[in-house]
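Here is a friendly briefing to read alongside the model. Please keep the sequence and the 3D view open as you go.

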Amino acid sequence: MNAPEPGPGDELYAVAPQLRGLRRRAGLTLEAAARSAGLSPAHLSRLETGQRQPSLPMLLALARIYGTTVSELLGETVADRDAVVRAADMEPTRAGGWMYFQAGAPGRGMQALRVRVPYGTQGDIVRVHPGEEWLYVLKGRLSLRLGDTAHLLAPGDSAHFDSLTPHRLAAEDHDGVELLFVHTLLQSPTATLCLGPLTGELP
């Protein structure tokens, strides 16, 4: 049987050339890496030779085990960035009414943002996706629902949770809320699972 023609999104699975090299760079045998990822050695071997396509959870698991990012697993190259990000270089973007300022370089194992959440935006959206999130309230009060538990966070409060826990964020006050936000997923092509489509820079 002939292999199917590439379709939309197949770039997510073009990882075979990188997988073996990244595993070896991490100093892991096929058996050890497969065990850590919850896979059989045969399955991981098929991923490394392109005979199988990895799911997103597999990509995230392998990226963590190999100490890299999904972007590197996908073979994406990211230009070197300075370790310091100046305030003047933090360009704002909008998604779903929220305003995001990049507070770190892309292509890292985690992404840092400064986020402004206006009152009444996205408060009814429940998110569930792979990764981890950490947030710190700078200004205003944040309503955070994790699973069945509701939390009210004030300036200086923080939260760190597994993103597979259903979660919902909303500004509690009419003046909105501002927070620092660190996520392990935003550097990957699947960022829209969390943010929604970005609409570009603000005027």
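Arg-23 counts as buried because its relative accessibility is 7% (buried means under 20% relative accessible area, exposed over 50%, and partly exposed in between, with a 1.4 Å probe and protein chains only). This is a predicted model, in which local features need pLDDT of at least 70, side-chain atom pairs count only at pLDDT 80 or more, and totals for chains, interfaces and linings use all residues. Residues are numbered from 1 along each chain as its sequence is written, and side-chain values use heavy atoms, with hydrogens and water left out.

**Helix α1**
- Arg-23 lies in helix α1; helices (H or I, at least four residues) and strands (E, at least two) are DSSP runs, numbered from the N terminus.
- Beyond its neighbours within four places in sequence, Arg-23 is in contact with Leu-28, Thr-29, Leu-30, Ala-33, Leu-44, Glu-48 and Tyr-66 (contact means heavy atoms within 4.5 Å).
- Gln-18 is also found in α1, which covers residues 16-25.
- With 22% relative accessibility, Gln-18 counts as partly exposed.
- Gln-18 and Leu-73 are 55 residues apart in sequence, yet 5.9 Å separates them in space, C-alpha to C-alpha.

**Helices α2 and α3**
- The axes of α2 (residues 30-37) and α3 (residues 41-48) come within 8 Å and cross at roughly 105 degrees; axes are lines fitted to C-alpha atoms, for helices over the stretch in contact, and angles run from 0 to 180 degrees between N-to-C directions.
- On the α2 side, Leu-30, Glu-31, Ala-33 and Ala-34 make the contact, and on the α3 side Pro-41, Leu-44, Ser-45 and Glu-48 do.
- By class, this contact has five nonpolar, one polar and two charged residues (Ala, Val, Leu, Ile, Met, Phe, Trp, Tyr, Cys and Pro count as nonpolar, Asp, Glu, Lys and Arg as charged, and the others, Gly among them, as polar).
- Glu-31 of α2 is partly exposed, with a relative accessible area of 43%.
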